[in-house]
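Morning, everyone. Let's take a quick look at one model together. Here it is on the screen.

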Amino acid sequence: MTSAGGTSAGNGRCSWCGTPVERDDGFRAAEPAGSRRAVFCRLEHVVPWFIQGPHWDAGDLEEPSGIDADITLCAHCGTELGDTRVLLVRHRGEHRIPDAFCSAVHLNEWAKAGGRWRPGG
């Protein structure tokens with residue numbers, strides 16, 4: 001049994017629009033310290049999700065252990081990350097592309113600016 005945004009073997013529904021998101025597609029966000037997660041079919045859906053008040057599901061991401069171990073700086077502001085961080089993992093086929101943020105606010109700002117595809121980014 002899963003919640004609307006929950007996962008079953010890596011599948012889930014977009015936390016913003018409810019569209020089904022396959023295991024090898026979309027984005028997975030998490031606040032590991034709080035065991036909270038969200039799923040997005042598109043990066044742009046982070047923005048309205050955040051504006052409405054980010055509604056997290058309980059649980060941890062189903063990602064390879066240590067996927068964010070080499071990430072030490074916030075992808076938005078460059079500040080050194082502590083134990084409390086927000087992780088965003090892009091699922092693209094078999095590939096997992098992680099980014100981390102010092103807060104959900106910075107995840108939202110980064111997504112609003114176009115993420116990894118932002119001008120100058």
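Leaving aside its neighbours within four places in sequence, which residues is arginine 85 in contact with? Contact here means heavy atoms within 4.5 Å. The list is Ala30, Glu31, Pro32, Asp68, Ile71, Ala100 and Phe101.

A word on the source. This is a predicted model, where local features need pLDDT of at least 70, side-chain atom pairs count only at pLDDT 80 or more, and totals for chains, interfaces and linings use all residues. Residues are numbered from 1 along each chain as its sequence is written, and side-chain values use heavy atoms, with hydrogens and water left out.

Back to arginine 85. It sits in the loop between β5 (57–58) and β6 (86–92). Strands are DSSP runs of E, at least two residues; helices are runs of H or I, at least four; both are numbered from the N terminus. Is arginine 85 buried or exposed? Buried, with a relative accessible area of 14%. The cut-offs are under 20% for buried, over 50% for exposed, and partly exposed in between, using a 1.4 Å probe and protein chains only. The side chain of arginine 85 also reaches the backbone oxygen of glycine 82, at 3.4 Å.

Next, β6. Six of its seven residues are buried, so β6 is largely enclosed by the rest of the structure. On pairing, two strands pair if DSSP finds at least two bridges between them. β3 (27–31) and β6 run antiparallel, joined by four bridges. There, alanine 29 stands opposite leucine 88. β6 also pairs with β7, again antiparallel, over seven bridges. Leucine 87 faces alanine 100 of β7 in that pair. Two residues separate β6 and β7 in their hairpin, and glycine 93 there has a positive phi near 65°.

Now helix α2, residues 104–112. Its buried residues include Leu107 and Trp110. The buried residues of α2 pack against β3, α1 (46–51), β6 and β7 (95–101). Just after α2, glycine 114 takes a positive phi of about 110°.

Last, the cores. A nonpolar core is a set of buried Ala, Val, Leu, Ile, Met, Phe, Trp, Tyr and Cys residues joined through side-chain atoms within 4.5 Å. Which members of the largest core touch the most others? Phe40, Leu88 and Leu107, out of 24 residues. At least two residues of this core come from each of β3, β4 (36–40), α1, β6, β7 and α2. A second, separate core has five residues, among them Leu61 and Leu87.

Thanks. Happy to go back to any view.

How values were computed: Polar contact = N/O pair within 3.5 Å; in protein donor to acceptor, adjacent residues only side chain to side chain.
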